Amino acid sequence: MSVIKINAITVPEDSGDELGARFAARHGSMEGTSGFEGFELLQPTDGRTVWLVVTRWASEEDFDNWRNSEHFQRSHGQGGSGDRDSGDQGEQKRPPVGMSSELWSYQISVTG
């Protein structure tokens, strides 16, 4: 059964498009990550400023392994010499778009 992780990212009112663009630029960057089953970036449509990154993992262990990996640290600005969002070396680091984030954990209870 999949493990669901939701990163609820609060962004300034005028920064949502930038968050979407950064995710689009990294499309496919998780391919080959052990246990990664997919993700969606959910854009609010009701005036909220919280965007949701919903990821699915084969197991909690797979998610933890990714969170402790160099790939995660590079892509989240916690290490390496690459750009915070692209992971490409030689590009300037960009400031984060989000003002805050909160990680939620779920499992599938019922499917339709």
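**Figure 1. The order of helices and strands along the chain.** Helices and strands are here runs assigned by DSSP, at least four residues long for a helix and at least two for a strand, and they are numbered from the N terminus. In this predicted model, the elements follow one another from the N terminus as β-α-β-β-α-α-β, and the chain holds three helices and four strands. Of the 112 residues in the chain, 29% are buried, while the exposed surface comes to about 7300 Å², with 47% of it supplied by carbon and sulfur atoms. Among the contacts between residues at least 6 apart in sequence, 60% join residues at least 24 apart.

Figure 2. The four strands lie in the order β2-β3-β1-β4 and form an open sheet with antiparallel pairing. Strands β2 and β4 (100–107) are the edge strands, since each of them pairs on one side only, and from one strand to the next the twist averages 15°. As a general point, the strands of a sheet pair through backbone hydrogen bonds, in either a parallel or an antiparallel manner.

**Figure 3. The pairing of β1 with β4.** These two strands run antiparallel and are joined by eight bridges. Within this view, isoleucine 4 can be found opposite tyrosine 106, which belongs to β4.

**Figure 4. Helix α1 on the sheet.** Helix α1 packs on the sheet, where it touches β1, β2 and β3, and its direction makes about 25° with that of β3. Three residues of α1 (residues 16–25) are buried, namely Gly16, Leu19 and Arg22. Because these residues cover an arc of only 125° around the axis, they lie on the same side of α1. In an α-helix there are 3.6 residues a turn, so residues three or four places apart point the same way. The cover over the buried residues of α1 includes β1 (3–10), β2 (36–42) and β3 (50–57), whereas the face turned away from the buried side carries Asp17, Ala24 and Ala25, which are exposed.

Figure 5. Arginine 26 is found in the loop between α1 and β2. This residue counts as buried because its relative accessibility is 17%, and the cut-off for buried is under 20%. Although arginine 26 and serine 75 are 49 residues apart along the chain, their C-alpha atoms are separated by 9.4 Å.

Note on methods: Residues numbered from 1 in each chain as written. Predicted model: local features only at pLDDT ≥ 70, side-chain atom pairs only at ≥ 80, totals over all residues. Heavy atoms only, no water. Buried < 20%, exposed > 50% of the residue type's maximum accessible area, 1.4 Å probe, protein only. Arc of directions from axis to C-beta. Contact = heavy atoms within 4.5 Å. Areas by Shrake-Rupley, 256 points an atom, 1.4 Å probe, with all protein chains shown as cover. Pairing = 2+ DSSP bridges. Axes fitted to C-alpha atoms, helices over the stretch in contact; angles between N-to-C directions.
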